[in-house]
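Subject: Structure handover

Hello,

Here is the structure I promised to pass on. Please open it first, then read my notes below.

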Amino acid sequence: MGAGWLQSVSEWLNFAAERLPELWLLTGQHLILTGVSTGLAIAIGLPLGILASTRHWLRASVLAGVGIIQTVPSLAMLAILLALVDKIGAVPAIIALTIYALLPIVRNTVTGIEGVPPEVVEAARGIGMTRLQQLRMVQLPLAMPVIIAGIRTAAVVGVGITTLSAFIGAGGLGQFINRGLALSNMQLILLGAIPAALLAVLVDVVIAAAAWGMVPVRQREKHSVKAKLKPITLAMPLLLVALGIYAAFGSRLVAANHPGKTIRIGSKNFTEQLVLGDLMAQMIEAHTDLAVDRRFNLGGTMICHEALAAGEIDLYAEYTGTGLVTVLKRPVESDANRVFDMVRTEYKEHFDLEWLEPFGFKNTYALTVRKSVARDKGWQTISDLATSADTLRAGFTAEFSERADGYPALRRAYGFGFADVRDLEPSLMYQAVEKGEVDVISAFTTDGRITAYDLQPLADNRRFLPPYFAAPVIRSKFLRDHPEVRAVLARLVGALDDNTMQTLNYEVDEKGRLPDDVARDFLREQGLLNRN
Amino acid sequence: MIVLDGVSKSFDGGQSYAVRELSLHVNDGETLVLLGSSGCGKSTTLKMINRLIEPTNGTIHVDERDVTRQDPVMLRRTIGYVFQGIGLFPHYRVIQNIEIVPRLVGWSANKRKQRVREVMELVGLPPDEFSDRFPDELSGGQQQRIGVARALAADPKYLLMDEPFGALDAITRDSLQQELKSLSKRLRKTTVFVTHDIFEALTLADRIAVMHDGRLQQVDTPQKVLTDPATPFVRELFEKPARQLAAFQGAD
């Protein structure tokens with residue numbers, strides 16, 4: 001057992017070593033996101049705290065205000081900001097992080113100023129300082145240790161919350177965690193989590209050191225080592241910021257030197273999307289002059305769609321049914337070809353987006369149970385569940401639970417619902433049904449784990465789930481500027497049927513391989529990477 | 001000259017008075033001691049002179065100018081103030097503490113530096129040894145000397161001292177009292193000194209103003225106050241310590 005543990009560690013270290021350049025880049029982004037947001041929070045929170053401590057009527061409302069903001073769950077905050085600023089990436093992430101960092105800074109500024117002994121403030125007044133001089137020369141310097149403690153809390157907590165900003169495409173170490181969660185890949189999760197934890201400790205130590213460096217040298221310490229160390233510790237936060245900038249932009253400069261233009265490809269947060277993203281990315285890299293900026297793992301449908309519509313990304317793979325129901329909010333339509341025609345026309349009209357030719361495989365939701373259970377109970381169709389539905393526990397993706405053609409449509413079509421419905425993250429959903437923690441899940445028909453986990457999709461005997469094609473959706477303007485992309489992606493058409501897609505997903509989900517490797521091997525095998 | 005004319009102060013809108021109908025003048029160059037037990041209104045009276053507290057009624061003139069017609073900040077810079085307790089800025093070195101008022105009124109760095117040395121010599125602390133220390137690197141007596149040095153730094157005509165030696169041990173207090181006495185003989189600052197210590201009052205005062213319950217009982221030279229008390233309260237005040245001293249000597 002001890003040896004096995006050691007082996008996992010050494011495997012992980014190898015895994016991490018292979019990804020060192022990316023780790024370096026994401027660490028830099030992480031530091032910058034945290035640094036910029038903490039800096040903004042200081043710029044806003046310090047004056048706000050000073051104002052609140054001097055204006056009695058403001059004090060209660062300011063403290064209550066920043067306190068309430070703090071109770072908004074971080075993911076909800078990111079989602080709200082995403083909607084408000086209508087952009088993915090660093091901007092909404094920095095706004096959200098700044099808002100979170102406000103509370104400790106404002107609160108500690110108020111506490112610090114109020115904690116200055118009243119006799120010292122009276123002395124300042126009594127010798128003839130103006131209100132502003134009292135604040136600047138006496139109250140703020142004496143409150144500084146408490147204020148810095150607040151900044152320290154804000155920055156350390158900020159390092160943690162910054163991991164969430166990968167969810168909206170802002171980068172940072174959360175990107176490893178996100179990708180790891182989507183792929184159930186523990187090595188990837190740890191590659192984000194461990195450096196993030198170390199970074200939090202580092203930020204904590206650095207700010208503590210700087211605070212120590214700010215305490216002036218006492219007479220008796222004048223010639224000690226301490227006195228010489230202080231200026232160095234004072235400069236440590238600056239060094240950390242410089243390191244972050246170098247890590248984040250040093251490598252960005254190399255990318256900027258790449259000749260030609262860049263295509264930004266997005267993806268949602270599950271295996272098939274990552275594989276499709278990489279298939280498209282590698283084809284474009286092999287056959288055009290475009291550089292590819294991979295903005296994968298952008299969460300659910302609406303985030304990807306809005307990013308594409310806003311021009312934050314140029315291309316991602318979407319499913320026709322999802323486009324129809326979730327994006328266009330149209331009623332469910334069972335004719336797959338009609339669905340494709342509808343989304344193609346309406347996307348062009350409403351969003352100036354182009355649906356390219358579908359890859360060829362169909363993907364739809366399928367209510368899925370364990371094969372052994374299906375055999376025992378004689379379940380073959382969804383209707384067969386009717387009699388025992390009120391004892392069954394369902395685990396659905398959040399999207400299936402909510403969307404009009406998902407669970408609500410199922411209840412209407414079959415006239416029953418399940419005893420308990422839980423929203424699960426896609427990769428956890430399959431594990432949950434395999435372990436018997438839930439009885440029914442909303443699987444994707446192309447998911448490799450259906451065979452891997454010995455699951456049984458049930459037939460949709462009332463045909464409420466329309467079949468969906470997957471196809472690349474691209475910005476019309478980008479396609480006009482780079483028409484060659486259409487032909488390159490068209491070469492994938494026909495190469496991906498239902499079985500192939502399921503196999504590729506299986507390679508990732510069950511064999512633990514990474515989507516980019518799986519995509520590369522497949523394209524090589526098919527000869528699709530060769531120029532012709 | 002400082003002139004208080006019919007000055008009253010109420011902190012609760014007229015229900016009770018901390019200072020009532022107080023009229024008093026402090027002559028140029030004299031040290032007037034406000035003497036009374038705690039809560040008698042002596043500190044309130046002192047703080048009304050430099051407008052740390054505003055009077056409810058009456059007028060106060062410093063140098064024949066009504067203080068309420070002056071900018072309080074400017075007024076305070078022209079009046080040296082030594083605070084009860086410590087009152088030094090803990091984050092400033094000795095030199096920064098002393099030069100603060102000259103800095104506020106815009107003296108040049110050279111002039112400030114020279115003045116700091118002067119006043120430090122004056123209060124008996126060698127500048128070379130003490131100017132770079134922080135208040136927490138000084139004894140209580142040294143801290144209060146710096147307090148006096150700070151009040152003197154901008155060379156004000158007036159000094160207000162609010163029980164400056166109250167927190168010191170008896171021996172340190174005694175030596176500081178003696179030094180202050182010789183210092184004020186030399187400098188002839190117009191000084192108002194607040195204390196509840198009868199011996200301190202007798203030691204330092206040119207004249208003593210005895211206060212009780214917000215009212216002025218008597219203003220006179222120490223000699224007169226002792227020999228010719230104006231009210232039963234004043235007689236009682238000075239008889240008690242004399243009795244105690246006598247009883248103590250008798251028991252010996």
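A definition to start: pLDDT is the predictor's confidence in each residue, from 0 to 100. You will need it, as this is a predicted model.

**Confidence**

Chain A averages a pLDDT of 88. In that chain, 97% of the residues score at least 70. Chain B has a mean pLDDT of 91. Of the residues in chain B, 99% reach 70 or more. For the model, ipTM is 0.90 and pTM is 0.75.

**Where the chains meet**

The contact takes 15 residues from chain A and 19 residues from chain B. On the chain A side, two helices each supply at least two residues: helix 6 (118-126) and helix 7 (131-162). Which of these gives the largest share of the side that touches chain B? Helix 6 of chain A does, with 6 residues. By class, the chain A side divides into 7 nonpolar, 4 polar and 4 charged residues.

**Domains of chain A**

Between them, 17 residues of domain 2 are in contact with 13 residues of domain 3. On the domain 2 side, the elements that give two or more residues are helix 13 (320-327) and helix 22 (498-509) of chain A. Helix 22 of chain A gives the most, with 7 residues. The domain 2 side divides into 6 nonpolar, 7 polar and 4 charged residues.

**Helix 22 and helix 11**

Helix 22 of chain A also packs against helix 11 (residues 271-287) of chain A. Their axes are 9 Å apart, at an angle of about 105°. Angles of 65 to 115 degrees count as roughly perpendicular, so helix 11 and helix 22 of chain A are roughly perpendicular to each other. Helix 11 of chain A brings Thr271(A), Glu272(A) and Val275(A) to the contact. Helix 22 of chain A brings Met501(A), Leu504(A), Asn505(A), Val508(A) and Asp509(A). By class, this contact has 4 nonpolar, 2 polar and 2 charged residues.

**Helix 4 and helix 5**

Helix 4 (residues 74-85) and helix 5 (residues 90-114) of chain A pack with their axes 9 Å apart. The angle is about 130°, which makes helix 4 of chain A oblique to helix 5 of chain A. Their crossing is right-handed.

Which residues meet here, from helix 4 and helix 5 of chain A? Met77(A), Leu78(A), Leu81(A), Leu82(A) and Val85(A) come from helix 4. Val91(A), Pro92(A), Ala93(A), Ile95(A), Ala96(A) and Ile99(A) come from helix 5. The contact has 11 nonpolar residues, with no polar and no charged ones.

**Helix 2 and helix 9**

Helix 2 (residues 20-54) and helix 9 (residues 186-214) of chain A cross at roughly 45°. Their axes come within 11 Å. That angle makes helix 2 of chain A oblique to helix 9 of chain A. The crossing is right-handed. Leu23(A), Thr27(A) and His30(A) of helix 2 meet Leu191(A), Pro195(A), Ala196(A) and Leu199(A) of helix 9. By class, the contact has 5 nonpolar, 2 polar and no charged residues.

Best wishes

Technical notes. Residues are numbered from 1 along each chain as its sequence is written. Chains are lettered from A and ligands numbered from 1 in the order in which they are written. This is a predicted model: local features need pLDDT of at least 70, side-chain atom pairs count only at pLDDT 80 or more; totals for chains, interfaces and linings use all residues. Two residues are in contact if their C-beta atoms, placed from the backbone, lie within 7 Å. Helices (H or I, at least four residues) and strands (E, at least two) are DSSP runs, numbered from the N terminus. Ala, Val, Leu, Ile, Met, Phe, Trp, Tyr, Cys and Pro count as nonpolar, Asp, Glu, Lys and Arg as charged, and the others, Gly among them, as polar. Axes are lines fitted to C-alpha atoms, for helices over the stretch in contact, and angles run from 0 to 180 degrees between N-to-C directions. Angles under 35 degrees count as roughly parallel, over 145 as roughly antiparallel, 65 to 115 as roughly perpendicular and the rest as oblique. A crossing is left-handed if the near helix is turned anticlockwise from the far one by less than a right angle, and right-handed if clockwise.
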